[in-house]
Amino acid sequence: MTKVIVISIILLAVLGILIGLLLGVAAKAFAVETDERVVQVRECLPGNNCGGCGFPGCDGLAEAIVAGDAPVNGCPVGGAPVAGKIGAILGVEAGDSVRQVAFVKCAGTCEQASTKYNYVGEMDCRRAVMVPGRGDKACSHGCLGLGSCVAACQFGALSIVDGIAKVDKEKCVACGKCVETCPNNVISLIPYEASYAVQCNSKDKGKDVMSVCKVGCIGCSLCVKQCEFGAVTVENNIAFIDGTKCTGCGKCAEKCPKKIIHPQAG
(Lines give C-alpha, C1' and ligand atoms only; values in the text may rest on other atoms or scores of the structure.)
Protein backbone atom coordinates (compact mmCIF):
# COMPACT_ATOMS: atom_id res chain seq x y z
CA MET A 1 0.00 0.00 0.00
CA THR A 2 2.84 2.36 0.92
CA LYS A 3 4.58 1.51 -2.35
CA VAL A 4 1.46 2.45 -4.33
CA ILE A 5 1.21 5.81 -2.56
CA VAL A 6 4.88 6.60 -3.24
CA ILE A 7 4.53 5.71 -6.92
CA SER A 8 1.40 7.87 -7.17
CA ILE A 9 3.21 10.84 -5.63
CA ILE A 10 6.15 10.41 -8.00
CA LEU A 11 3.84 10.20 -11.01
CA LEU A 12 1.98 13.34 -9.93
CA ALA A 13 5.26 15.19 -9.46
CA VAL A 14 6.51 14.15 -12.91
CA LEU A 15 3.18 15.07 -14.46
CA GLY A 16 3.30 18.49 -12.76
CA ILE A 17 6.81 19.11 -14.09
CA LEU A 18 5.77 18.12 -17.61
CA ILE A 19 2.70 20.37 -17.52
CA GLY A 20 4.84 23.27 -16.24
CA LEU A 21 7.33 22.77 -19.07
CA LEU A 22 4.54 22.62 -21.65
CA LEU A 23 2.94 25.81 -20.31
CA GLY A 24 6.30 27.58 -20.38
CA VAL A 25 6.90 26.56 -24.01
CA ALA A 26 3.33 27.58 -24.96
CA ALA A 27 3.71 30.96 -23.26
CA LYS A 28 6.81 31.71 -25.30
CA ALA A 29 5.35 30.33 -28.54
CA PHE A 30 2.11 32.30 -28.31
CA ALA A 31 3.39 35.39 -26.53
CA VAL A 32 2.13 38.71 -27.90
CA GLU A 33 4.91 41.24 -28.03
CA THR A 34 4.08 44.50 -26.27
CA ASP A 35 5.54 47.74 -27.55
CA GLU A 36 7.49 49.14 -24.64
CA ARG A 37 6.38 52.61 -25.67
CA VAL A 38 2.75 51.69 -24.96
CA VAL A 39 3.72 50.81 -21.40
CA GLN A 40 5.65 54.07 -20.99
CA VAL A 41 2.83 56.19 -22.42
CA ARG A 42 0.29 54.41 -20.20
CA GLU A 43 2.37 55.27 -17.14
CA CYS A 44 2.14 58.97 -18.09
CA LEU A 45 -1.65 58.95 -18.32
CA PRO A 46 -3.60 59.85 -15.14
CA GLY A 47 -5.56 56.60 -14.95
CA ASN A 48 -9.04 58.10 -14.58
CA ASN A 49 -10.37 55.93 -17.44
CA CYS A 50 -13.03 58.58 -18.00
CA GLY A 51 -13.35 57.98 -21.75
CA GLY A 52 -13.09 61.70 -22.51
CA CYS A 53 -10.44 60.93 -25.12
CA GLY A 54 -12.87 58.79 -27.12
CA PHE A 55 -11.04 55.53 -26.43
CA PRO A 56 -11.81 52.71 -23.96
CA GLY A 57 -9.86 53.96 -20.99
CA CYS A 58 -6.24 54.95 -20.61
CA ASP A 59 -4.97 51.61 -21.94
CA GLY A 60 -6.88 52.14 -25.17
CA LEU A 61 -5.61 55.69 -25.52
CA ALA A 62 -1.99 54.65 -24.92
CA GLU A 63 -2.21 52.04 -27.68
CA ALA A 64 -3.90 54.50 -30.03
CA ILE A 65 -1.27 57.21 -29.45
CA VAL A 66 1.62 54.84 -30.15
CA ALA A 67 -0.18 53.49 -33.23
CA GLY A 68 -0.74 57.03 -34.50
CA ASP A 69 -4.51 56.79 -34.22
CA ALA A 70 -4.73 59.45 -31.49
CA PRO A 71 -2.82 62.71 -30.98
CA VAL A 72 -0.10 63.03 -28.36
CA ASN A 73 -2.27 65.56 -26.54
CA GLY A 74 -5.35 63.31 -26.69
CA CYS A 75 -5.86 63.14 -22.92
CA PRO A 76 -8.15 65.98 -21.78
CA VAL A 77 -7.46 65.25 -18.13
CA GLY A 78 -3.67 65.29 -18.36
CA GLY A 79 -3.53 68.37 -20.56
CA ALA A 80 -0.26 69.96 -21.68
CA PRO A 81 2.00 68.45 -18.95
CA VAL A 82 1.07 64.87 -19.88
CA ALA A 83 1.22 65.65 -23.61
CA GLY A 84 4.77 66.94 -23.12
CA LYS A 85 5.89 63.73 -21.39
CA ILE A 86 4.31 61.53 -24.06
CA GLY A 87 5.85 63.64 -26.82
CA ALA A 88 9.28 63.14 -25.25
CA ILE A 89 8.78 59.36 -25.18
CA LEU A 90 7.74 59.22 -28.82
CA GLY A 91 10.17 61.87 -30.00
CA VAL A 92 7.49 64.14 -31.46
CA GLU A 93 6.10 67.59 -30.78
CA ALA A 94 3.38 67.61 -28.16
CA GLY A 95 1.37 70.19 -30.09
CA ASP A 96 -0.91 72.84 -28.68
CA SER A 97 -3.12 71.71 -25.83
CA VAL A 98 -5.77 74.29 -25.02
CA ARG A 99 -7.39 73.72 -21.66
CA GLN A 100 -11.14 73.39 -21.91
CA VAL A 101 -13.97 73.40 -19.40
CA ALA A 102 -17.63 72.50 -19.45
CA PHE A 103 -20.08 75.35 -19.93
CA VAL A 104 -23.82 75.22 -19.20
CA LYS A 105 -25.77 77.04 -21.91
CA CYS A 106 -28.75 77.89 -19.72
CA ALA A 107 -29.51 80.66 -17.24
CA GLY A 108 -33.08 79.52 -16.62
CA THR A 109 -33.09 79.27 -12.85
CA CYS A 110 -36.22 78.48 -10.86
CA GLU A 111 -37.00 82.20 -10.72
CA GLN A 112 -36.30 82.96 -14.38
CA ALA A 113 -37.79 79.95 -16.17
CA SER A 114 -41.46 79.01 -16.27
CA THR A 115 -42.69 75.52 -15.48
CA LYS A 116 -45.53 73.48 -16.97
CA TYR A 117 -46.15 71.13 -14.06
CA ASN A 118 -44.49 69.62 -11.00
CA TYR A 119 -42.26 66.71 -11.94
CA VAL A 120 -42.28 63.96 -9.30
CA GLY A 121 -40.52 61.15 -11.16
CA GLU A 122 -36.98 59.82 -10.90
CA MET A 123 -34.37 62.55 -10.46
CA ASP A 124 -32.71 61.85 -13.77
CA CYS A 125 -32.77 64.20 -16.75
CA ARG A 126 -32.69 61.33 -19.25
CA ARG A 127 -35.84 59.86 -17.72
CA ALA A 128 -37.57 63.23 -17.43
CA VAL A 129 -37.32 63.95 -21.16
CA MET A 130 -39.33 60.82 -21.84
CA VAL A 131 -42.46 62.21 -20.24
CA PRO A 132 -44.80 64.47 -22.23
CA GLY A 133 -43.31 67.93 -22.65
CA ARG A 134 -39.72 66.73 -21.96
CA GLY A 135 -39.72 67.63 -18.29
CA ASP A 136 -41.38 70.30 -16.20
CA LYS A 137 -39.67 73.39 -17.64
CA ALA A 138 -41.65 75.32 -20.18
CA CYS A 139 -38.50 75.75 -22.28
CA SER A 140 -37.78 72.37 -23.85
CA HIS A 141 -34.19 73.39 -24.66
CA GLY A 142 -33.03 74.34 -21.17
CA CYS A 143 -31.32 72.62 -18.25
CA LEU A 144 -33.71 70.25 -16.47
CA GLY A 145 -31.75 70.57 -13.23
CA LEU A 146 -32.18 66.95 -12.12
CA GLY A 147 -28.47 66.21 -11.91
CA SER A 148 -27.64 63.53 -14.47
CA CYS A 149 -24.51 65.52 -15.30
CA VAL A 150 -23.58 65.72 -11.62
CA ALA A 151 -23.78 61.94 -11.31
CA ALA A 152 -21.68 61.48 -14.45
CA CYS A 153 -18.84 63.73 -13.29
CA GLN A 154 -16.01 61.85 -11.56
CA PHE A 155 -14.31 65.03 -10.45
CA GLY A 156 -17.00 66.84 -8.47
CA ALA A 157 -17.00 69.74 -10.91
CA LEU A 158 -20.78 69.99 -11.28
CA SER A 159 -23.60 70.84 -8.92
CA ILE A 160 -27.23 71.90 -9.18
CA VAL A 161 -27.88 75.43 -7.96
CA ASP A 162 -31.33 77.02 -8.14
CA GLY A 163 -32.56 74.58 -10.74
CA ILE A 164 -29.65 74.59 -13.19
CA ALA A 165 -26.25 72.94 -13.42
CA LYS A 166 -23.19 74.95 -12.36
CA VAL A 167 -19.58 74.16 -13.28
CA ASP A 168 -16.55 74.62 -11.03
CA LYS A 169 -13.95 75.59 -13.62
CA GLU A 170 -11.04 74.70 -11.37
CA LYS A 171 -12.26 71.13 -10.88
CA CYS A 172 -13.40 70.48 -14.45
CA VAL A 173 -10.98 68.44 -16.58
CA ALA A 174 -13.08 68.51 -19.77
CA CYS A 175 -13.58 64.75 -19.89
CA GLY A 176 -16.87 65.36 -21.69
CA LYS A 177 -18.99 62.94 -19.65
CA CYS A 178 -21.47 65.66 -18.72
CA VAL A 179 -21.75 66.72 -22.37
CA GLU A 180 -22.47 63.14 -23.37
CA THR A 181 -25.02 62.65 -20.57
CA CYS A 182 -27.14 65.79 -21.01
CA PRO A 183 -30.26 64.89 -23.06
CA ASN A 184 -30.91 68.51 -24.05
CA ASN A 185 -27.34 69.18 -25.20
CA VAL A 186 -27.15 72.09 -22.78
CA ILE A 187 -23.50 71.51 -21.89
CA SER A 188 -20.58 72.10 -24.22
CA LEU A 189 -16.81 72.41 -23.89
CA ILE A 190 -15.26 75.84 -24.34
CA PRO A 191 -11.69 77.13 -23.85
CA TYR A 192 -10.87 77.83 -20.21
CA GLU A 193 -9.68 81.28 -21.23
CA ALA A 194 -12.79 82.11 -23.27
CA SER A 195 -13.68 85.73 -22.56
CA TYR A 196 -17.45 85.56 -23.03
CA ALA A 197 -20.08 82.89 -23.73
CA VAL A 198 -23.82 82.90 -24.41
CA GLN A 199 -25.76 81.21 -21.60
CA CYS A 200 -28.75 80.04 -23.60
CA ASN A 201 -29.54 76.97 -25.69
CA SER A 202 -32.95 77.80 -27.17
CA LYS A 203 -33.31 78.06 -30.92
CA ASP A 204 -36.91 79.26 -30.72
CA LYS A 205 -37.93 82.68 -32.01
CA GLY A 206 -37.76 85.63 -29.64
CA LYS A 207 -41.46 85.79 -28.84
CA ASP A 208 -41.59 82.09 -27.97
CA VAL A 209 -38.47 82.36 -25.84
CA MET A 210 -39.83 85.29 -23.82
CA SER A 211 -43.04 83.38 -23.10
CA VAL A 212 -41.14 80.68 -21.18
CA CYS A 213 -37.95 82.33 -19.88
CA LYS A 214 -37.03 85.81 -18.70
CA VAL A 215 -33.36 85.46 -19.64
CA GLY A 216 -33.40 83.51 -22.92
CA CYS A 217 -31.65 84.76 -26.07
CA ILE A 218 -34.17 86.38 -28.41
CA GLY A 219 -31.85 86.56 -31.42
CA CYS A 220 -32.11 90.35 -31.66
CA SER A 221 -28.56 90.70 -33.10
CA LEU A 222 -27.69 93.74 -30.96
CA CYS A 223 -24.57 91.85 -29.86
CA VAL A 224 -23.58 91.29 -33.48
CA LYS A 225 -23.83 94.99 -34.25
CA GLN A 226 -21.67 95.89 -31.26
CA CYS A 227 -18.79 93.56 -32.11
CA GLU A 228 -16.05 95.21 -34.17
CA PHE A 229 -14.15 91.98 -34.70
CA GLY A 230 -16.78 89.72 -36.26
CA ALA A 231 -16.71 87.40 -33.25
CA VAL A 232 -20.47 87.35 -32.67
CA THR A 233 -23.05 85.86 -35.00
CA VAL A 234 -26.69 84.83 -34.68
CA GLU A 235 -27.46 81.36 -36.00
CA ASN A 236 -30.86 79.68 -35.67
CA ASN A 237 -32.18 82.52 -33.50
CA ILE A 238 -29.36 82.28 -30.96
CA ALA A 239 -26.14 84.25 -30.53
CA PHE A 240 -22.79 82.50 -30.87
CA ILE A 241 -19.36 83.84 -29.91
CA ASP A 242 -16.23 82.70 -31.77
CA GLY A 243 -13.58 82.52 -29.07
CA THR A 244 -10.76 82.75 -31.61
CA LYS A 245 -11.95 86.20 -32.66
CA CYS A 246 -13.26 87.57 -29.36
CA THR A 247 -10.99 90.16 -27.73
CA GLY A 248 -12.95 90.34 -24.50
CA CYS A 249 -14.02 93.96 -24.94
CA GLY A 250 -17.42 93.17 -23.40
CA LYS A 251 -19.50 95.42 -25.66
CA CYS A 252 -21.78 92.54 -26.65
CA ALA A 253 -22.50 91.75 -23.01
CA GLU A 254 -23.24 95.40 -22.24
CA LYS A 255 -25.84 95.69 -24.99
CA CYS A 256 -27.51 92.30 -24.53
CA PRO A 257 -31.09 93.11 -23.39
CA LYS A 258 -31.43 89.72 -21.67
CA LYS A 259 -27.99 89.81 -20.03
CA ILE A 260 -27.12 86.24 -20.97
CA ILE A 261 -23.65 86.96 -22.38
CA HIS A 262 -21.38 86.33 -19.43
CA PRO A 263 -17.62 86.73 -18.83
CA GLN A 264 -15.91 83.36 -18.54
CA ALA A 265 -12.19 83.99 -18.10
CA GLY A 266 -10.97 82.45 -14.86
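In which sense do strand S6 and strand S7 pair, and over how many bridges? The model is predicted; local features need pLDDT of at least 70, side-chain atom pairs count only at pLDDT 80 or more, and totals for chains, interfaces and linings use all residues. Residues are numbered from 1 along each chain as its sequence is written, and side-chain values use heavy atoms, without hydrogens and water.

S6 (residues 232–235) and S7 (residues 238–241) pair in the antiparallel sense over 4 bridges. Pairing requires at least two DSSP bridges between the strands. Strands (E, at least two residues) and helices (H or I, at least four) are DSSP runs, numbered from the N terminus. The two strands form a hairpin with 2 residues between them. Asn236, in the turn, has a positive phi of about 55°. Val234 stands opposite Ala239 in S7. Cys220 lies 8.6 Å from Ala239, C-alpha to C-alpha, at a sequence separation of 19 residues. Cys220 belongs to the loop between H8 (206–210) and H9 (222–226).

The count of salt bridges is 4; the criterion is a side-chain nitrogen of Lys or Arg within 4 Å of a carboxyl oxygen of Asp or Glu. One of them joins Glu228 and Lys251, with closest N and O atoms 2.6 Å apart. Glu228 lies in the loop between H9 and S6 and Lys251 in helix H10 (residues 251–255), so the pair ties together parts 23 residues apart in sequence. Arg42 and Asp59 also form a salt bridge (2.7 Å, N to O). Arg42 lies in H2 (residues 36–44) and Asp59 in H3 (residues 57–67), so this pair ties together parts 17 residues apart in sequence.
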